[in-house]
Amino acid sequence: MTAQVTLKSGEKVRINDHVYCSPPWSIRDGTPYSVARIMEFLPPEGAGKGKGKGKEIYTRVRLAWYYRPSDVSDRPVADSRLLLAAIYSEICDINQLRSRCHVLHRDKITDLAGWKKRPDRFYFNRLFDPYIKKEFDVIQATDVRNLPDNIRQVLTSRYEYVVAEKDVVPDLTDTLRLCATCSEWCANPDTVGCDRCKNFFHMSCVQPPLLAKPSRGYGWTCAPCSKRHEEEVDKHDVRHPTPITKPKSNAPAPRGRGRPRKDRSLAEKEENVEIKYFKMWPFRYFGQYTVAEDTLDPDDLIFPRSATRVGPKYQANVPTTLDVPLLSRDAVRGLDPEQRGGDYTVEVLSAINTLTDEEIAKMEVWKVVLSRTQEKLHSVDWLTEALRRFSQAHLLNRGWSTVDMNVIPTRPEKWKKGETRHTDREWTADEVTAFEDGIFLYGAELRAVHDEIGTRSMAEVVRFYGHWKNSRLKEENAQIRAARLKAKDEGKDEVPSATAVVTDQFSDDEGSVMPGVSRHNNSCGACRTRESEIWWRAPKGLVTDILCDTCGTNWRKYADLNFRTVREDALPPSKKGSDKREGTPLNGPSTKRVKTSTSASVNATPPPNAPMAPQLRCLACQKNGPVGKVLRCNQCQFRVHAASCGVHVDKSAVESWMCDICQNEETLESSMHTECLLCPRRKSKKKAQFPNADSFLRASKPTEGQGWAHVLCAVFTPEISFSDVARLRLVEGISTIPKQRWASRCTLCGETSGAVIRCSDCVREYHSSCAWKNGHRFGFEIQPVRHPRRDGIITTFKGETGNMVPIVCCQEHENSRRELYEICETDETGETALQVYCRIYKQAPVTQAHALLRKARRLDQTLNIRTDNTMSVDVSAEPAFQCDICSTQYSPAFYPSEHYSGRWRCHKCHFEKQNGVGTGHSPDDSLSPLDDTMDG
């Protein structure tokens, strides 16, 4: 009797039927149903086998998954009925089965258009392997003809389909190829074909034998054909026949008269077609890396394979015995520190294999004494360091009692200046919370989790992930054991049955159906209809939170939505601005299928990727990032990494954030003319337009004169500084840019206005904005420092120490050896390269003088009238100086009198006297006649 299960919908499914599978809505977070094939029904975990046929109870099911193209690639696919097969199985709870569907290979469908019009119908023609992340073609086993009869007969009797690379399929479907020399079958890896006579030969049957096939793009001819060609050339009788080809036509392909007849009996016959399965799989790999004779073995692996990585090119030759001479510290110090490759440079990590059984037994006793904490005795890091120290003591002929693990958890390493910790420092509660949030958002994508934490290195994140995962598995195993003991104590005796009924424990309607929705206040987030019998919860990223019955069904089954464009002014007020939800893109699901099983697959194939969090693409680096790290302007939709634009926003205000230009439209703190002062002024009669929101040049900051400058221009112009580098606000120093840079002609736009910069690898000069628009390379380089005191400020970024220099390179210098850090590239602390550079090199001296005085001093430098005997005013104290001429106590700077000590003149009076201009004050007000005469 064949086992079957009755679903909640009343449908009965059996083994090899295709079904929709999905956990509850709250767990899958809006992702569509997964399509799978039932391989077998399983009893509860830990339960024994049934007493006989018809008396088993099934609570689990093994499923062979299918992927949607959007699950494995970002390429948009218009066909929502297309699937990708996979040799991957997983055990799931039987309550996750939703309803039945039908999946067939493309070659077994007569009328594809009619097949796709019917509900719950899918098809596939390719296979995706999650191990090597590669797609393969799937063909029918009966189409394979280039095989010996015995191998072909076994292949077609066991499997329905064959999986192979796209380039191998023409060779498999060709007629049987026999060697023209030995008349034996020619396997594709050891075969060459003559380009003239079209015969095939074994590479060993050719005289002389061929060691390798011709390179791609080159042909090969056999000896008779080559000799015949040489004779034709010598006789000058070479006449290449003109190939007769039919003229190309743009007419459509011929088709039968009239429309194809809708034969329902044919469609039902296709649905119930018999498919051959061998060990529960209908296909196997038979491609480039398959040995044909291995397919005769029933235990041969059926998974896709890639090129082997065995040999000296990929593996290191490790000596079997440890023979490293020991040198004293004085001897090692006397050696040249720059010389490498000697025996003394080998660092011994373990020499346990050289110990005898008695020594190992004594070492185990001492190892237990080293720590009283059981966690340390089972810690991999602690055990590794303990074995290293025991090995070091043994090689130095010291006793086991000299080993101590209670010292500082660091150890010196060769060729490293600092010591290395053998155990990571304790993780704080905030770091653990950030790590778990990152795992929830990105799954096992530890690079994204590392960026979410920001305070740990990648190696520390990987190690902590291993410990964290083991602790979770420990908790799950403890819960399973407790449940088993509880079931035994209660003595439950379940009624066995061959037909299991799916309960409503995981009812999809419970969490995804929206009850009590009014048609007057809501509409479908896709088709905008207001009438529907059932309203479903919508995935994130739509205009509204609900979908009508049709759109909800299409989304869950086919991951497809029929969108209707909506005007911005037609949106309800609650959905404008900051309340707009982000997440799943409109053209399909962006999240991967959630792993729903706690049991491992029999085939040990890695599971699909975990669900992804909503992502935004930064316009500076063109990389995706989570919402919060990448901000989007609520008004102009400008997107940028917050750290690369000097933005600090609370999590609650992320959705309502506005860029500086949009915010200035409301506050009017700076000029409404937002053109960059460092860029050329465009002569146009049109009204000045705001910078394009689809470019990083939208990121602009106000200047000290209420103007605007691009963040890119301000950062990569050496004379520019910021009053507040944390927010990159108030650009200063534009007047200090030399005149030559303002008058030079840009090699990209040809304009002579605006301040230019020079390429770091050639003499070309151009504006920063023009270089960005033309795709030039921007970044920061850490240049080594020979004399730290003389070469300026030194910084460290991602372990590299030196002077941080902004670099702009032309497109022609793509092969430059410069190792640049991109603008948005972050270090271990989460700071971007732009932030680090601005914090160290772009901060204006705000503690030395206030803004007006700094501007006056820059003006003095420009006019070459600065004097060195100026006296800065302490703005934090009361005015302590008074001008002897105008009696004012307020001035950007006070200058001492040239003849009398203790007397001062303000900035205005000092330069009027110096230039011989009357001050408008009487000398008797503040100076004596002698002083007035001497000053005149």
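**Strands and a helix, talked through**

Biologist: How do β31 and strand β32 pair, and over how many bridges?

Modeller: β31 and β32 (residues 800-809) are antiparallel partners, joined over three bridges. Pairing takes at least two DSSP bridges, and strands (E, at least two residues) and helices (H or I, at least four) are DSSP runs numbered from the N terminus. This is a predicted model, where local features need pLDDT of at least 70, side-chain atom pairs count only at pLDDT 80 or more, and totals for chains, interfaces and linings use all residues. Residues are numbered from 1 along each chain as its sequence is written, and side-chain values use heavy atoms, leaving out hydrogens and water.

Biologist: Okay, which residue does Thr 796 stand opposite?

Modeller: Thr 796 faces Thr 801 in β32.

Biologist: And what order do the strands of that open sheet have?

Modeller: The order is β30-β32-β31, three strands with antiparallel pairing. β30 (777-783) and β31 (795-797) are the edges with a single partner strand each, so one side of each lacks a neighbour in the sheet.

Biologist: Which helix packs on the sheet?

Modeller: That's α21 (residues 833-841), touching β30, β31 and β32, with contact meaning heavy atoms within 4.5 Å. The direction of α21 makes about 105 degrees with that of β32.

Biologist: New topic: what joins β26 to β27?

Modeller: Three bridges, with β26 (residues 721-724) and β27 (residues 729-732) running antiparallel. Phe 722 sits opposite Val 731 in β27.

Biologist: How many residues lie between them in the hairpin?

Modeller: Four, and Leu 728 in the turn has a positive phi of about 55 degrees.

Conventions: Axes fitted to C-alpha atoms, helices over the stretch in contact; angles between N-to-C directions.
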